[in-house]
Amino acid sequence: MMGSMFRLISKRLGPSRLVFRRFQSSNPQMSFPCVDQAQERNRRYAESIQQHQCSGNEDPSVCVTSPSLASGPEPIYGKIVSGFKKFKYDKVFLCDHGGILPKFELAYETWGTLNKDRSNAILLHTGLSASSHARSHPDNPQPGWWEQFIGPGKDLDTNKFYVICCNILGSCYGSTGPSSIDPGDGKHYATRFPIVTVNDMVRTQILLLDHLKIDKLHASIGSSLGGMQSLAFGALAPNRTARIASISGGARSHPYSIALRFTQRQILMNDPQWNRGFYYDGIPPHTGMKLAREVATISYRSGPEWEQRFSTQRANPAVPPALCPDFLIETYLDHAGEKFCLQYDANSLLYISKAMDMHDMTASNQKILAENRKKNQHKLEKYLAEHPDVSQKDVIKANSNIAVLPDTPIEEISNEDRAPEPDIDSDLTAGLIPLRNIPTMIMGVESDNLMPVACQRETARCLKKAGNEKVIYHELNADESYYGHDTFLIYRKDFDLVGSKLKNFLEKS
């Protein structure tokens, strides 16, 4: 009965419709090599844990290899596990938002020679995911992330200057961060690590300078997050640096930047393997990290560069289109994410990106942070009561660095022809008063999407309003650099981008 019914249906539909009678798909299923790749990475990571292939290394990710980036001018970032010195601070450290670190360590590297009066030191602040390894040296001959900028006769001339570079608090390349062991219980901090600010990062570096017996820097310099730190250094310790250089940074974050970093954090935190930050004994959230890095990479470069570099070319026009990486730009992003996903700690990315979002040097925000610190002083007192062997004087001194702001806003010179400025200018101007006597170079890049050039223009403008008569402002237009936010990392012999301007500023008497 059923067979005769199908024969009747097929006769009415004709031979071209017989495929439906056999209940077969109209097309074969697509292949998904990008999904296979993630699953294979997961399998290899799990296998490396189970079989202990890391020969005593606590980090199984060193056993899981990743493809390299496509050709092109790219930053040199790497997973640095050796070749640095360590500053160990064994006293309690209070963070701006009330968290406590019973102790901390900072990884740092140096180049050049400190002169007799210890006045030629330059503190190089890093970006979000950089290590202390800015340049190669005998203890680590691998190229550093600013290899072409540091050295004898170079932009940071080590014949003249003693260059110091730290891995920031919260990171994972030798300094204390979420992946570090909490001395309270012997387990990884994970998301029990305290929220940190840019000011907190700078305070730890000031303690390093104390350890090195450097009372005053020749310069505090940095790019991106490093540019935020260099400005914060001037606010927290205005008498401890002779110059400040801030490149592609700013005195406060930008809502567009915050939105981009928030999106990355949401992607990462929604990877099931993130496990609310407690993944150190298992498989890390590598898929979330890869996708977050792809979003970040979009913000690091610019459309005009990619138009020239990739255009709308497909990687292999001879094969059918695919949902996995197909266009050249897609393969570039895929490689960038693949390389990074096991190279950097996921929790460090969350904490440090949040610190960047919170960066705000307005007087009102600095006042809130100062009040927070006062409100949480009891935590220091409690710790000291429980640890009588710790010097109370040293702890109080180390945790007392706050921006020195006037009680009343600065009075600006009246100008009847000038239109009224928005309130944010007045607030930021008041917050930048501690820097008014420090020669400061601000540099922006017009093609920068992550830290729009408006941030650098605002910082330079408010510094001048605060009374700083030695502000130098440089802006690279789109014709000078179309590399976007990453401009500060790219060295090109045929283009004068960042280096020579920085060199002139540092060597100016």
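This is a predicted model: local features need pLDDT of at least 70, side-chain atom pairs count only at pLDDT 80 or more; totals for chains, interfaces and linings use all residues.
1. Buried here means under 20% relative accessible area. C95, at 1% relative accessibility, therefore counts as buried.

2. For the protein as a whole, 52% of the 509 residues count as buried. The secondary structure comes to 16 helices and 14 strands. Of the contacts between residues at least 6 apart in sequence, 74% join residues at least 24 apart.

3. The model has one disulfide. C34 and C324 form this bond, with 1.9 Å between their sulfur atoms. The two cysteines belong to distant parts of the chain, 290 residues apart. C34 sits in helix α3 (residues 33-50), while C324 lies in the loop between α8 (303-309) and α9 (328-340). The torsion about the S-S bond is about -70°, so the disulfide is left-handed.

4. C34 has 23% relative accessibility and so counts as partly exposed.

5. Helix α4 (residues 198-211) and helix α5 (residues 225-236) cross at roughly 70°, and their axes come within 9 Å. This angle makes α4 roughly perpendicular to α5. The handedness of the α4 and α5 crossing is right-handed.

6. On the α4 side of this contact are V198, N199, M201, V202, R203, Q205, I206 and L209. They meet L225, M228, Q229, A232, F233 and L236 of α5. Sorted by class, the contact of α4 with α5 has 10 nonpolar, three polar and one charged residues. As background to the spacing of such positions, an α-helix has 3.6 residues a turn, so residues three or four places apart point the same way.

7. Helix α14 spans residues 423-431, and its buried residues are D425, L428, T429, A430 and G431. What do the buried residues of α14 pack against? Their partners are α11 (363-375) and α15 (453-465).

Key. Residues are numbered from 1 along each chain as its sequence is written. Side-chain values use heavy atoms; hydrogens and water are left out. A disulfide is a pair of cysteine sulfur atoms within 2.5 Å. Helices (H or I, at least four residues) and strands (E, at least two) are DSSP runs, numbered from the N terminus. Buried means under 20% relative accessible area, exposed over 50%, partly exposed in between (1.4 Å probe, protein chains only). Contact means heavy atoms within 4.5 Å. Axes are lines fitted to C-alpha atoms, for helices over the stretch in contact, and angles run from 0 to 180 degrees between N-to-C directions. Angles under 35 degrees count as roughly parallel, over 145 as roughly antiparallel, 65 to 115 as roughly perpendicular and the rest as oblique. A crossing is left-handed if the near helix is turned anticlockwise from the far one by less than a right angle, and right-handed if clockwise. Ala, Val, Leu, Ile, Met, Phe, Trp, Tyr, Cys and Pro count as nonpolar, Asp, Glu, Lys and Arg as charged, and the others, Gly among them, as polar.
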